[in-house]
Each structure stands twice: as structure tokens, then as C-alpha cells.
Amino acid sequence: MSALRTDVGIDLGTATILVYIKGKGIVLKEPSVVAIDQYTNSFLAVGEEARRMIGRTPGNIVAIRPLKDGVISDYDVTQRMLKFFIKKAIGNMFLKPRIIICVPSGVTEVEKRAVLEASAEAGASKTYLIEEPVAAAIGAGLDITQPSGNMVVDIGGGTTDVAVISLGGIVESKSIKTAGDECDEAIVKYIRKKYNMMIGDMTAEELKKQIGCAYPYDKEKFAEVKGRNLINGLPLTVKISSNDMLEALNEPVREIVDAVHYVLERTPPELAADISNFGIYLTGGGALLYGLDKLIEEETGIKTKVADNPVECVAIGTGKSLESLNLLEKNLQKTENSRYR
Ligand SMILES: Nc1ncnc2c1ncn2[C@@H]1O[C@H](COP(=O)(O)OP(=O)(O)OP(=O)(O)O)[C@@H](O)[C@H]1O
């Protein structure tokens, strides 16, 4: 019977949800967004379709991200969303799956419980939690089972997790609520102040992906951005430069670099020596911000590398940990669903 059981790994991210099925790999990757009709409380759209509705909905419809800031801010919606994605990814199973879900390293016991309950409600037979930096390190291809220090900086939508991992566990870490979303907000604020123009979060995110940077490009880049003129209320188009982006993103980027320093300063010397040999690995979508690796390398003097497939690292790591559930057992918090029924 056990051969029929499916093991599922989920990266329940604030920006993206990825589902990994043992033996198949990543089968689903969608924005963690739902559009809800407030009159009926029913879901109108989930995932990519709902993301396109952000900032464009009439009064009775809201497009929300229930996991904003790396925590479950709307429990009921998260639960329904998780259930929807699990069903979409695996269909109706004969045997209920075992599920490993990734959570940011700073989550509270209450938030962990909320994730476990949501998973149970979504049909898991057993749910295990794995801390995001551990999954990110495994996904980045680091051998964390050895007694040597590995540093991972996972920059997601809502949180940045900086962690030093050795022997499969976190030795030192810091989780801050500054990541991709804060960068988008910083861009919105900067453009409002400098150009008297209001742009939406999605436009800011596009701009960040196009010409955003944490370190100057060799050759300055430009992009046109459309928004609303705050003085006369009319549509406006402005040409923005990558140097604008550098200035706009200075504060959130600085907070991320400071978090790396904070963890390095508290890392035991033997492990710090390992990190300076092996380097720092950046994972998560935020790792794709141009020049962040260069900046961290310059500021710490330690070789810094963006992992392959940074957006998928956590899901891949969660998936790989399914293969060695027993080995990682001590880092996983096991919960029988029956406790929550
Ligand atoms: N090319 C890019 N340049 C800069 N940022 C990017 C790029 N591609 C994606 N991002 C950002 O990465 C973030 C999403 O990353 P990811 O999918 O790893 O987050 P998450 O795992 O859902 O969030 P969290 O770890 O906080 O739960 C978004 O803020 C997105 O704008």
C-alpha cells in the first residue's frame, strides 16, 4: 500500500507557492494570491489569474495575498488556498499524502500550528514542517549533513532568512521582514517623491525585475513606466534609470546586508572559517536582484553566489528532504493530523 502513497513537498511562500511531488519534481508554481467575492465569500480566481486582478478589482472583489510578510495573516483564506493547490497538484488520492511544508525560520508556534491545521484540512495524512533556510540550503545543492558551516541567504517576497547551517541544523540565523515586497514598496515611494507619480505594486515589481539593482550596472539602463500624475490626476509616462533604482532600493538592500553581517558576527569561528572557504549562497526570487551578490561579496569579503534556480531552491530542497525523511527527522516537527480533528 505504501507504494501508492504520495509524498508532497510545499514551499508555501508569501509570493509564490510551489508543489513538489516525489518522483515527479515541481508540478505546480503559482502566485500565492486569491481573488474573493466579498458578498458570497467565494473564490473567483486563485494563483496567476488572481494575481492579474491585483489593483484592478471592482468594490465587491478583493485580490489578496493571505501570507503577506511571511506569516499567515489570513488563516481561513490560506487554508482554502492550500487545499485548492494541493487538490490541483495531486488530484483526488486514494491514500492521503504525507506533506512537508516549508516555513520561514522566524515563525511563531501559533503560526506553525496554523500551517499544520491548514495542511490537515487540505487532506494530509501527516504534516511535517521544515525551516526555509534548511530547505533552501538542500535545494542549493549544499551538503548540510557534514560538521561544516554553510551560509544561506533566502530572499523571498515577505522575508529574508539568513542562516548558518551545520550537521543538518541551524546554528545561527536571522529572519527579517525586508525582502522583495519591501523593495517594490520602496520603488513606489521613490517614484511618488521624485516624479510626483503614483504607480501600483505590480508595476514597481516589473520595474525592479527589468532595471532594478543593488549594485550599479556597467552601463546605465532605462525603462518607461506608466502611472498617475499626482498633481493633475492624469496618466503619465516617465523614463526611469537603473541609478534611480539603486537609490530607491538602497534602504531595503542595506537591511539585507546588515542581516548578513549580524549573523556572521554571531557565527562561531570554526564555522565562520568554513563559510569563508565555501562562500555565501543566495536563494529565493530576491536573489535575482541585479548585483546583490556583488554587493554582499564586497561588503563581507566572502565569495557570494546566486544558487541555480533560486526561486525553486526551497521547493527542490523540500522535495529532496522527502527522499530522506528519516535522516532529517530531527529537524522536522511531526504532527499527526488526528490532533487537529
Ligand atoms: N528578476 C528578479 N529581480 C528581482 N526580484 C525578483 C526577480 N524575480 C523575482 N523576484 C522577486 O522575488 C520575490 C519572490 O521570491 P520567492 O518566490 O522566492 O518568494 P516566496 O518564497 O514566495 O516568499 P517568502 O520566502 O517570503 O515566503 C518577489 O518579491 C519577486 O519580485
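Trainee: What makes the radius of gyration of this protein agree with that of a compact globule?

Mentor: This is a predicted model, where local features need pLDDT of at least 70 and side-chain atom pairs count only at pLDDT 80 or more, while totals for chains, interfaces and linings use all residues. Residues are numbered from 1 along each chain as its sequence is written. Now the rule: 2.2 Å times the number of residues to the power 0.38, with the radius taken over C-alpha atoms. For 341 residues, a compact globule would have a radius near 20 Å; the protein has 21 Å, so the two agree.

Trainee: What counts as buried here, and how much of the protein is buried?

Mentor: A residue is buried if 20 or more other C-beta atoms, placed from the backbone, lie within 10 Å of its own. Of the 341 residues, 47% pass that test.

Trainee: How many helices and strands are there?

Mentor: The protein has 11 helices and 17 strands. Helices are DSSP runs of H or I with at least four residues, strands are runs of E with at least two, and both are numbered from the N terminus.

Trainee: Why are H5 and H6 called roughly perpendicular?

Mentor: Helix H5 (residues 180–195) and helix H6 (residues 201–211) pack at about 105°. Angles run from 0 to 180 degrees between N-to-C directions, and axes are lines fitted to C-alpha atoms over the stretch in contact. From 65 to 115 degrees counts as roughly perpendicular, under 35 as roughly parallel, over 145 as roughly antiparallel, and the rest as oblique. H5 and H6 are therefore roughly perpendicular.

Trainee: Which residues of H5 and H6 meet?

Mentor: Cys183, Asp184, Ile187 and Val188 in H5 meet Asp201, Ala204, Glu205, Leu207 and Lys208 in H6. Contact means C-beta atoms, placed from the backbone, within 7 Å. By class, this contact has 5 nonpolar, no polar and 4 charged residues. Ala, Val, Leu, Ile, Met, Phe, Trp, Tyr, Cys and Pro are nonpolar; Asp, Glu, Lys and Arg are charged; the others, Gly among them, are polar.

Trainee: What makes H8 oblique to H10?

Mentor: Helix H8 (residues 250–265) and helix H10 (residues 292–300) pack at about 45°, with axes 11 Å apart. That angle makes H8 oblique to H10. Their contact includes Val253 and Val257 of H8 and Leu295 and Ile296 of H10. By class, it has 7 nonpolar, 1 polar and 1 charged residues.

Trainee: At what angle do H2 and H3 pack?

Mentor: Helix H2 (residues 75–90) and helix H3 (residues 109–121) pack at about 45°, with axes 8 Å apart. H2 is therefore oblique to H3.

Notes: A residue is buried if 20 or more other C-beta atoms lie within 10 Å of its own, exposed if 12 or fewer, and partly exposed in between; C-beta atoms are placed from the backbone. Two residues are in contact if their C-beta atoms, placed from the backbone, lie within 7 Å.
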